[in-house]
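I'll start with overall build and then walk through the pairs.

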Amino acid sequence: MKIIILAGGGGTRLFPLSRECYPKQFLHVIGDKSLLAQTVERFIGLVKPEDIVIVTNEKYIFHVQAELNSINAQDAHIIVEPVGRNTAPAIALAQIYCKDKLKCNEDEVLFISPSDHLIKPIEDFQKLIMQAEQTAKQGSIVTLGIKPTKPETGYGYIEAAENKEDVAVKVLSFKEKPDLDTAEKYLKAGNYFWNSGMFMFSIKTMQEEFKTFVPEIVEIEDKGYEYTVDNFIQMPNISIDYAVAEKSQKMMMMPMQDIYWNDIGSFDAIAEVLSDENNNAFIGDTLTDNCTNTMIIAEDRLVAGIDLNNLVIVDTPDALLVAQKGQSQKVKDVVNKLKKDDRKEARENMTMYRSWGKYTLLTEGKDYRVRKVEMNPGKSLTMQMHYHRSEHWTVISGTGKITIDDKESIFTENQSTYIPMGVKHKLSNPGKIPLVIIEVQSGKYINDDDILVFGD
């Protein structure tokens, strides 16, 4: 069995914590590990790290690598979607990777998992997967359904032929996210389950269903992994639900009985996990008095709350969200408006992560920008030049090597260096600890597209 983890999504419903540059699978909102790291650990013991394949996109690859390193799962495979084309093409890409690169035969069973859900206890979940594997080996596509505890309008539903514990049952239909009245009817009926987005099948079975329902995927996939990558943009932009699950006669469902599941798809979902006896959840530097049914997330400064009720407050350095609890699904509408207005808040954080480390914007104004740059040991920037700005670097900690034109020099704590406009330069960290510098940029045009890169 191979585990396929889909980790390429951008996510909009956890703004301002989640941005296009740093989506929710990398957030550390539940516990001290990211949701992606927790997902990978959920399968360790069931399979080895080398039997895990993570599908992501190019701008997240170093995030994925960092999370795998943090849990000693470096042997997991990472494959990159050239462009985002939804879950059906992502699964097809993973399938052909397993066949071509991992030498899997057509009877190999694949388990498809999102990268940003919370599931516990792990032991019971692994037992359920082992049960589902037996059904998948018989030619079925197995999905996992969650018994609803309330009339939820934020999830899709699975209509099952019957409601039996620990038994795979026939799927009658998949339902879109319902209105409240319909969700209440589903809850009362007893044979409707929340759609978890998890699927299990053999390569042979899914290939047959792709050929029947989306043959254009198979036409590309059949020509091998490299060809699929090169022609990925030609894949239809369609989810596995629309492409196969809603049409296939091979769909079976296993109920997740006595297993806690939360898709962490909204701030209400986070509050459900973290709330105390007063239904409060306070994260970060908070000071509160007489607050009930309220969640406050404070990132970099003190947030005080007095006599608050039924609120969600999320404070980040560049954006503050205040919403009524129960309405956090509407956060995506805010993000859509930000994107429409081309606001950078939809795309960027104050802290931006790169393959070499990260930088944090401290302040900016007309003709200047100040950033804190943290470079990991052994990493370096490319040789580059700026036409419209100069830079002044001061080392806070660590040791840096600076190349200006063809001259190399070492600078350490409390030492500074100046790079004039139009001069080639390169920064490296030859040391064993992170290099931290304060960078002051000044000039008439300060933007990230003012850069000319040389060589690597």
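For burial I use relative accessible area: buried is under 20%, exposed is over 50%, and partly exposed is in between (1.4 Å probe, protein chains only). I'm working on a predicted model, where local features need pLDDT of at least 70, side-chain atom pairs count only at pLDDT 80 or more, and totals for chains, interfaces and linings use all residues. Residues are numbered from 1 along each chain as its sequence is written, and side-chain values use heavy atoms, with hydrogens and water left out.

Entry one, overall. I looked up burial and found that 51% of the 456 residues count as buried. The C-alpha atoms fill a box of roughly 70 × 60 × 40 Å along the principal axes.

Entry two, salt bridges (a side-chain nitrogen of Lys or Arg within 4 Å of a carboxyl oxygen of Asp or Glu). I get 22 in the structure.

I checked Arg369 and Asp448 next: they form a salt bridge, with the closest N and O atoms 3.1 Å apart. Arg369 sits in strand S20 (residues 368–375) and Asp448 in the loop between strands S27 (435–443) and S28 (452–454), 79 residues apart. Strands here are DSSP runs (E, at least two residues), numbered from the N terminus. Arg369 is buried at 10% relative accessible area, whereas Asp448 is partly exposed at 37%.

Then Arg371 with Glu439: closest N and O atoms 2.9 Å apart in their salt bridge. Arg371 is in strand S20 and Glu439 in strand S27, so this pair ties together parts 68 residues apart in sequence. I note both Arg371 and Glu439 as buried.

Notes
Helix = DSSP H or I, 4+ residues; strand = E, 2+ residues; numbered from the N terminus.
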